[in-house]
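Please keep the viewer open as you read.

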Amino acid sequence: MAYVSLDSDQIKKAHKKHKYNKTQVEQLEKCMDPKTGPLFFMKTFMKIQHPVKGSIPLVPFPYQERLIASYNDHRFSIAMLPRQTGKTTCASGFLIWYAMFRPDSQILIAAHKYAGASDIMSRVRYAYEMLPSWIKAGVTQYNRNSIEFDNGSKISATTTTENTGRGMSLTLVYCDEFAFVQPPEKAKEFWTSLSPTLSTGGKCMITSTPNSDEDQFALIWKQANKCINAQGEETELGVNGFKSFRSYWHEQPGRDDKWAEEIKAQLGDDRFAREIGCEFLIADETLINPNTLIMLE
């Protein structure tokens with residue numbers, strides 16, 4: 001996607017006045033609703049770039065609606081989804097909503113590679129640029145990897161390193177493809193440096209396709225699924241305070257058994273199990289094939 005500068009007509013100037021009609025006021029009020037605002041905003045105004053169809057309105061699938069609700073309803077959320085199921089698109093829409101309708105929010109996007117961080121930021125910029133002018137927040141700075149709004153909010157994107165986020169006052173952190181941060185020790189150090197920042201009230205969203213069964217993503221995921229308290233009662237959140245979310249490949253329209261067999265023939269059993277089936281692969285070599293161990297478990 002071509003980069004749009006701050007001088008473009010697609011960027012609303014900071015503190016620009018607008019006279020709203022009755023319908024616009026009603027829609028703004030719906031967007032501001034802390035419970036239903038994100039989904040209404042994305043379904044009503046957000047556009048995405050389809051690889052074949054070009055610019056189209058976002059029409060989230062049911063599992064994507066549940067994912068957006070998970071982002072919004074919980075302070076800490078971790079989501080495990082197959083490849084190419086729209087997790088980054090949903091996150092981009094949620095982040096732009098959060099920045100525009102939650103003033104003074106400091107939002108950090110952390111991706112495992114620079115290309116990934118840039119891609120997420122380009123989706124955020126595109127979602128903003130395609131909005132109707134009247135609903136846009138004014139912009140004070142508009143760069144490739146950061147946007148600053150006149151309501152005090154800022155979105156910035158960077159790669160995941162041992163020191164990413166250290167010393168920053170963050171409102172929301174989004175970690176994309178967290179299981180693929182390499183080497184694995186870097187992800188552990190990143191989480192160690194980030195946790196104190198979140199302890200002051202920050203919000204964290206983690207999404208990834210699974211990788212090893214011993215990396216930091218796997219550890220957070222397993223703790224998020226231990227939903228039993230000391231009294232043996234079931235809890236909504238895991239022992240680490242995270243809400244886990246999972247979707248399956250067959251939830252996306254057009255993906256049936258025939259599709260799965262074609263993809264499995266291209267990827268092989270192990271990669272299909274990991275990237276489409278969302279199964280954690282055993283980190284160490286074993287006498288028995290990892291997929292067999294998964295089935296036995």
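A nonpolar core is a set of buried Ala, Val, Leu, Ile, Met, Phe, Trp, Tyr and Cys residues joined through side-chain atoms within 4.5 Å; buried means under 20% relative accessible area with a 1.4 Å probe, protein chains only. The model is predicted, with local features needing pLDDT of at least 70 and side-chain atom pairs pLDDT 80 or more, while totals for chains, interfaces and linings use all residues. Residues are numbered from 1 along each chain as its sequence is written, and side-chain values use heavy atoms, without hydrogens or water.

**Cores**

The largest nonpolar core holds 49 residues, and the members touching the most others are Phe41, Ile109, Tyr128, Ile135, Phe149 and Ile155. Helix H4 (residues 87-101) provides the largest share of this core, 10 residues. Helices (H or I, at least four residues) and strands (E, at least two) are DSSP runs, numbered from the N terminus. A separate second core has 26 residues, including Met80, Ala179, Ile206 and Trp221.

Which residues does Phe41 contact, leaving aside its neighbours within four places in sequence? With contact meaning heavy atoms within 4.5 Å, the partners are Cys31, Met46, Gly93, Ile96, Trp97, Met100, Phe101, Leu131 and Ile135.

**Pockets**

A pocket is an open set of points on a 1 Å grid over the protein atoms alone, where a 1.4 Å probe fits, with protein on both sides within 12 Å along at least five of seven lines; lining residues have an atom within 4 Å of a point. Volume is the space filled by probe spheres set on the points, which are joined across faces, edges and corners.

| Pocket | Volume |
|---|---|
| Largest | about 1,100 Å³ |

Of the 37 residues lining the largest pocket, Gln84, Gly86, Thr88, Thr89 and Arg123 lie nearest its centre. Helix H5 (114-129) is among the elements that supply at least two lining residues, and H5 gives the most, with 7. By class, this lining has 14 nonpolar, 13 polar and 10 charged residues.

The second largest pocket has 19 lining residues, with Tyr20, Lys136, Ala137, Gly138 and Asp150 closest to its centre. Helix H1 (22-32) and H4 each give two or more residues to this lining.

**Helix H7**

In helix H7 (residues 216-224), the buried residues include Phe217, Ile220 and Trp221. Their cover includes strand E3 (76-80), helix H6 (184-198), strand E9 (203-208) and strand E10 (243-246).

Definitions and conventions
Buried < 20%, exposed > 50% of the residue type's maximum accessible area, 1.4 Å probe, protein only. Nonpolar A, V, L, I, M, F, W, Y, C, P; charged D, E, K, R; others polar.
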